[in-house]
Amino acid sequence: PLVGERLHAAWTRAHDDLPAFVQSLQPKIGDIAKSALGFVAGIGVGLLMFLAAFIVAGIFMAYGQAGSERSRAIFDRIVGPVRGAAFTTLSTATIRAVAQGVVGVAFIQSVVIGLCLLLAGIPWAGVLAAIALVLGVAQLPALLVTLPVIAYIWIGGDYGTGSAVVYTVLLFVAGMLDNVLKPLMLGRGVEAPMPVILIGALGGMAGAGILGMFVGATLLAIGYQIFMSWVADNPDVATPLAQGDGDPAEPGEAGSAG
C-alpha cells in the first residue's frame with residue numbers, strides 16, 4: 001500500500017522499454033556511484049590513517065621518556081613546578097584511563113560477544129564481533145549487534161527452547177557488559193570523577209574522532225582540576241581555627257599575661 005503503485009509503474013516501464021528506463025535513471029545512478037566511490041575512498045583514507053597512527057605511536061613510544069620530560073617542562077613553565085608535576089601525571093593517567101575504559105572495554109566486549117556467537121553457531125561471527133568492536137569504540141551500544149542475533153535465534157535459527165534461552169541470556173549479558181566494565185576502568189587512577197572523563201571522551205570524539213576522544217578527556221580533566229583548585233583557593237573564605245586553639249586573647253589579657 002505504500003510503494004506498491006510506484007514499484008509496479010517502474011517495473012512496467014522497465015518491461016516495456018528497458019533502455020529508456022535505464023537512461024531515465026542515469027542521474028540517480030551517477031549520484032549513487034559517486035556516493036559509493038566516496039564511501040570506498042573514505043574507508044581507504046581511514047585505513048591509511050590507522051596505519052599512520054601505528055607508526056606515530058611507535059615513534060612516541062621510542063621517545064616516550066624525552067616526551068614526558070618536555071611535557072613536564074611545558075606544564076612547569078605555564079602553571080609552576082608544583083602543579084606542573086600534578087598536571088603531567090593527570091594527563092598521563094587520563095590518556096591511559098580512556099584507552100583502558102573505551103578501547104579496552106570495547107575490545108573485551110567484542111571478544112566476549114564473538115565467543116558467544118561461536119558458541120551459538122551464528123554465521124559470520126567474526127564480522128559481527130568486529131562490528132561490535134567498532135560500535136564500542138564509537139560509544140554505541142553493542143546491543144545493536146546482539147539483539148538482531150537474538151531475534152535470528154528465535155525466528156530463523158534451528159534451536160531448541162532451552163538452548164535458545166541460554167544463548168539469549170549470554171548474548172544479552174555480553175551486549176550489556178560495557179555498562180559494568182566502563183565505570184570500573186574509565187576513571188581508575190585519575191584524580192577526576194568518572195563522568196568528567198566520559199563526557200570529555202564523548203565530546204572529543206564527536207568533534208574530532210578517535211584522536212579527539214583522548215584530547216577531549218585530557219583537556220576536560222585538567223580543566224576540572226584547575227577549576228576546583230580555583231574554588232579551593234578562595235581568599236574570601238576565612239581559614240578556620242585549628243582544633244584546640246582558643247579565642248584570641250584580648251589586648252588587656254595579653255598585657256596582664258606578660
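This report walks through the fold, the helix geometry and a few individual residues of the model above.

## Ground rules

The model is predicted, with local features needing pLDDT of at least 70, side-chain atom pairs counting only at pLDDT 80 or more, and totals for chains, interfaces and linings using all residues. Residues are numbered from 1 along each chain as its sequence is written, and side-chain values use heavy atoms, leaving out hydrogens and water.

## Overall make-up

The protein has 11 helices and zero strands. Here helices (H or I, at least four residues) and strands (E, at least two) are DSSP runs, numbered from the N terminus. Read from that end, the order of elements is α-α-α-α-α-α-α-α-α-α-α.

Of the 258 residues, 26% count as buried. Buried means under 20% relative accessible area, exposed means over 50%, and partly exposed is in between, using a 1.4 Å probe and protein chains only. Contact, meaning heavy atoms within 4.5 Å, can also be sorted by sequence separation. Among contacts between residues at least 6 apart in sequence, 59% join residues at least 24 apart.

## A bent helix and an antiparallel pair

Helix α10 covers residues 194–232, and its 39 residues would reach 57 Å as a straight helix at 1.5 Å a residue. That expected span is 1.5 Å times one less than the number of residues. In the model, the end C-alpha atoms of α10 are only 20 Å apart. There is a bend of about 150° at A208, where the bend is the angle between axes fitted to the seven residues ending at a residue and the seven starting there.

Helices α7 (residues 143–155) and α8 (residues 161–175) pack at about 175°, and their axes are 9 Å apart. The axes are lines fitted to C-alpha atoms, for helices over the stretch in contact, with angles running from 0 to 180 degrees between N-to-C directions. The two helices are therefore roughly antiparallel to each other; angles under 35 degrees count as roughly parallel, over 145 as roughly antiparallel, 65 to 115 as roughly perpendicular and the rest as oblique. On the α7 side, the contact is made by L143, T146, L147, V149, I150, I153 and W154. The α8 side contributes T161, A164, V165, Y167, T168, L171, F172 and G175.

## The aromatic pair

Searching the whole structure turns up one aromatic pair. F75 and F87 form this edge-to-face pair, at 6.0 Å centre to centre with 70° between the planes. For the cut-offs, rings of Phe, Tyr and Trp (its six-membered ring) pair if their centres lie within 6.5 Å; planes under 30 degrees apart count as stacked, over 60 as edge-to-face and the rest as tilted.

F75 sits in helix α4 (residues 64–79) and F87 in helix α5 (residues 81–120), 12 residues apart. Both phenylalanines, F75 and F87, are buried.

R96 belongs to helix α5 and is partly exposed at 47% relative accessibility. Its C-alpha atom is separated by 9.0 Å from that of F214, a residue 118 places away along the chain. W124 lies in the loop between α5 and α6 (125–137). With a relative accessibility of 67%, W124 is exposed, and its phi is near 60°, a positive value in a residue other than glycine.

A125 is in helix α6 and, at 8% relative accessibility, is buried. A125 and G114 are 11 residues apart in sequence, with a C-alpha to C-alpha distance of 5.9 Å. L135 is also in α6, and its relative accessible area of 15% makes it buried. Again leaving aside neighbours within four places, L135 is in contact with L140, P141, L144 and V145.

D178 is part of helix α9 (residues 178–186). This aspartate is buried, with a relative accessible area of 11%. Not counting residues up to four places away in sequence, D178 touches V105, Q109 and P183.
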